[in-house]
Amino acid sequence: MTAATLEAARVWLVVALTLLGLFFSFVSMVGVLRLPDVYSRAHTASQADTLGAGFGLAAVALTVGLAGAGFKSVLLLFFIFVTNPTAAHAIARAAFEEGIVPWIEGDDRR
Amino acid sequence: MADTDPPAGGADPDATATADSGAGATVGSGAGAAAESGDASETDAESDSAAGAVIVPVEPTSTLRSTIAHVAASAAEDGASAIHLVEIASWRDGDPESDDRAAAAERVLERVSAWTTADLDDSEAPGAADVEVVTAVLGADDYLFGADDYVRVLAEYAEANGADRVVLDPEYTPVGNTTLLQPLEFALSNTPLSVETAPVDRPTRRERFRTEATTGRFVALFGLSLAFYLLLGDPTYWFDVVTGVATAAVVSTVLSRVSLDSNPAIPRTPMRIVRGVIYLPVLLFEILKANLVVARVILDPRLPIEPTMNRMRVIVGSGLPLMTLANSITLTPGTLTVRARDSDLYVHSLLPWAREGLFDGSLERWTRFVYYGRRSARLPTPRERDDVAILQGDDATEELPIAAADGGAVDADGETESTADPSDADGVTDR
């Protein structure tokens, strides 16, 4: 395998990862608009975002190479994986303690 | 008779039962006689403390010796029937290392009971010879979360053994990681037991959320912060190394009592890290798989969502293992951990598919694998253990612990004025 094909593969991988990141961020956005209540929105806001930002950062790491900034973006990835669910949990917990009843099928509140 | 009671010493893991049957009978019969002699020599301010037995929860602390001295002296004066020295287990039988920790607890209890016996022998008070010394290990058959569980275990033991008074060592914390819990003393005030903190001098006044400072924690945190600093900087550049060492020293000095709640141990800690690295790709795959399912439901308007709140009792230790499990559940799309009330996790699920996956408990098994090893990961699923409940919808088996939980009665905007929040009462305990 020559250096050129390797380089091409890397570029395409970066493109693919970026598109995946965009896709999951888009899903996250649609979910926040579409879903009925704070709990289900917290689901999609954090989770699809984890993958959205995750693929985005993976693309960054691949672009800049594994030294220096690339390594930092891998660390950022870990950071997101720890903080994202924690933030979602904090929001849901606050809602629960406020006594907000989760939406179920047949509930006419939007 | 001021002797130790070996059968109740918790030599077997089921020491609670042993103490109940063995020592309990002795204490029960002795209580009446002690009450009479106690009335005669009533000097203590606590008028109701004369008759029954005293429970002292024991942990190796710096003030334990003086607490024991105080307990022995006051028990002899009041004519208490027995002093129960109990260790509340911070392990669960069957977990790795539980044997070591039980043995360590045993040694502490042995030493403490020797102290107590010696103090009673030295005591001039007339009641001293009648005080019995009993030791027991409590609660080793389950994970205990939070002050409420400890109080429950203590209260059960007190009832079985005719004890009515608890004396707390001022430095006593049941396990290392109860950092944000309400004090045991406060939780005990809701029981019929009378509670007293031994009036002994404390070497240092610590803030409540700090844990013990040990060299192991300091070194671990120092190494971790230095490694992180040098990852961001340049490990070959002398300036970065010097500032890194300085920063790590400051960080570990200030935070080693706060950020680590147990001592790093070889080989436990490295093994956990290795198993955690094994777990990561598994978790990533789960996230990806679930994400695709949820993305499809979100993007396709024809596919309905069926969110419900669920409850699942999980068998992992409190602190880091519980956090790992709760965060893994939240990271997996379709399930969101809303609350952790002791070992009950309240999980909101977006789809029945996600809920079933949750009840299959694969994340729980993986968390147990990471923290306790492969053998501990083999356990029945939460569904098989009957530790799950759906709290909403047609399949609901339990009521939602929210005041306005019966569904339709909610205003259109979701605001309920009269929401008496059921979670207020224990809001402090379950962090």
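**A helix and its cover**

Modeller: The buried residues of α3(A) are Ile80(A), Phe81(A), Asn84(A), Pro85(A), Ala88(A), His89(A), Ala92(A) and Phe96(A), where buried means that 20 or more other C-beta atoms, placed from the backbone, lie within 10 Å of the residue's own. Helices (H or I, at least four residues) and strands (E, at least two) are DSSP runs, numbered from the N terminus. This is a predicted model, in which local features need pLDDT of at least 70 and side-chain atom pairs count only at pLDDT 80 or more, while totals for chains, interfaces and linings use all residues. Residues are numbered from 1 along each chain as its sequence is written, and chains are lettered from A and ligands numbered from 1 in the order in which they are written.

Colleague: How should I read the spacing in such a list, and what covers the buried residues of α3(A)?

Modeller: An α-helix has 3.6 residues a turn, so residues three or four places apart point the same way. Here the cover includes α2 (38–64) of chain A, together with α9, β7 and β8 (344–349) of chain B.

Colleague: Which element supplies the largest share of the side of chain B that touches chain A?

Modeller: In total, 38 residues of chain B are in contact with 35 residues of chain A, contact meaning C-beta atoms, placed from the backbone, within 7 Å. The largest share of that side of chain B, 5 residues, comes from α8(B).

Colleague: And how many helices and strands does chain A have?

Modeller: Chain A has 3 helices and 0 strands, and 39% of its 110 residues count as buried.

Terms used:
Two residues are in contact if their C-beta atoms, placed from the backbone, lie within 7 Å. A residue is buried if 20 or more other C-beta atoms lie within 10 Å of its own, exposed if 12 or fewer, and partly exposed in between; C-beta atoms are placed from the backbone.
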